[in-house]
Amino acid sequence: MSDWLARLSQLPQQWFESPIAAIALTLGAYFLGIRLFKLMRRPSWCPPMLIAAIVIAAIIALLPIDIDDYNRGASWLMLLLGPATVALAVPLYQQLPQIRALWKPILMTLPLSATLAACYAVIIAAIMGAPQDVLASLAPKSVTSPIALSLAEELGGSRALLMGALLTTGVTAIFGVEWLSRVLRIRDPRLIGLALGINGHALGTVRAFEINSVAGAFASLGMSLTGAFTAVVLPLVWHLFY
Amino acid sequence: MSVLRGFLWLLVFLLLGQTLVRLFHIPMPSGVVGMLLLTLWFGYRGGMNSDVVRISQPLIAMLALLIMPGVVEIFFVADQFADQWAAIITALIAGTLLSVLSSLLLMRRYLPRNVDTGHAGAVDHE
């Protein structure tokens, strides 16, 4: 009997030796998050992803396993981020005629918007006395995660803090775009999409696709251009100051 | 099988992106370079490969899921930044709202109005 109990207590550790359990946990939490999100009548301040992340964190805390055990398995899932980023070529190509017609205003406004997205947060945090490694983790907050991760590494920021910043930024950007576009009476899906993509990276882009495909395509454009622009400019500017 | 063939296309373009990034020291992730290359390729061929279209829809819908594992970690390193939370949260929320406001105003100022305001103007806010 005690032998059996000992084996039972070792089970969670053994599950997480292969990536299967971590992937199953992530998928399960994702669908649970979506269900709870619908039950809570779709609050814009709490996306399904945040609910799911809290569920996963709670389960890891309850089971005798480490966050590193989970990360090791979940990294297999994050491998798909690469091909998923390449897949954004499809909506981008579909909207190419629209984008070609608008390249001038986009080129004029996007670099400024992307710069402001990083500057506001860094300046506020710096005024409030945050140290350099915190600033480095906040600077790439509006950039899509594969780019942001390599940027934070280059600037010397914390990976975990950056991911938290990405989530907070995405949620706030979705809420802010929906609220402010209503206040400013902006209904153009191209504009809403661009604002979501520039400020809210992949989370904003997913939200834009829920609005319609035009908003989605402009969001992927905003997200990729912000990512490319920030990836080139941020390290240069950063090393001027630090 | 066509979904797998589409996936292979994505992987090939991801590898192409990685190759260019390494060869020319491009400060961008290989995924983004691969995306731009694939867009150029579609433009060159004058159309999209239907296999790629079929795999891209589920993959794009999965983007939020793919970021999730990274987010979980923040709950476990929270102590490390215990005395910084006020600055971090204020910077993120106020900073993002400000940048959303400025980008909306900028774009409204410079983006020409939609010509076909018929269906494209209607955004359903659920």
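Colleague: How many Å separate the centres of domain 1 of chain B and domain 2 of chain B?
Modeller: This is a predicted model, where local features need pLDDT of at least 70, side-chain atom pairs count only at pLDDT 80 or more, and totals for chains, interfaces and linings use all residues. Residues are numbered from 1 along each chain as its sequence is written, with chains lettered from A and ligands numbered from 1 in the order in which they are written. Chain B splits into domain 1 (1-73) and domain 2 (77-111), with bounds from an automatic or database domain assignment. Taken over C-alpha atoms, their centres are separated by 29 Å.

Colleague: And in chain A, how many residues of domain 2 are in contact with domain 1?
Modeller: Here domain 1 covers 2-79 and domain 2 covers 89-241, and 28 Å lie between their C-alpha centres. Contact means that C-beta atoms, placed from the backbone, lie within 7 Å. Domain 1 of chain A brings 4 residues, and domain 2 of chain A brings 6.

Colleague: Which helix of chain B gives the most to the side that touches chain A?
Modeller: That contact takes 93 residues from chain A and 72 from chain B. H1 (2-24), H2 (30-45), H3 (50-61), H4 (63-72) and H5 (85-110) of chain B each supply at least two residues; helices here are DSSP runs (H or I, at least four residues), numbered from the N terminus. With 22 residues, the top contributor is H5(B).

Key
Two residues are in contact if their C-beta atoms, placed from the backbone, lie within 7 Å.
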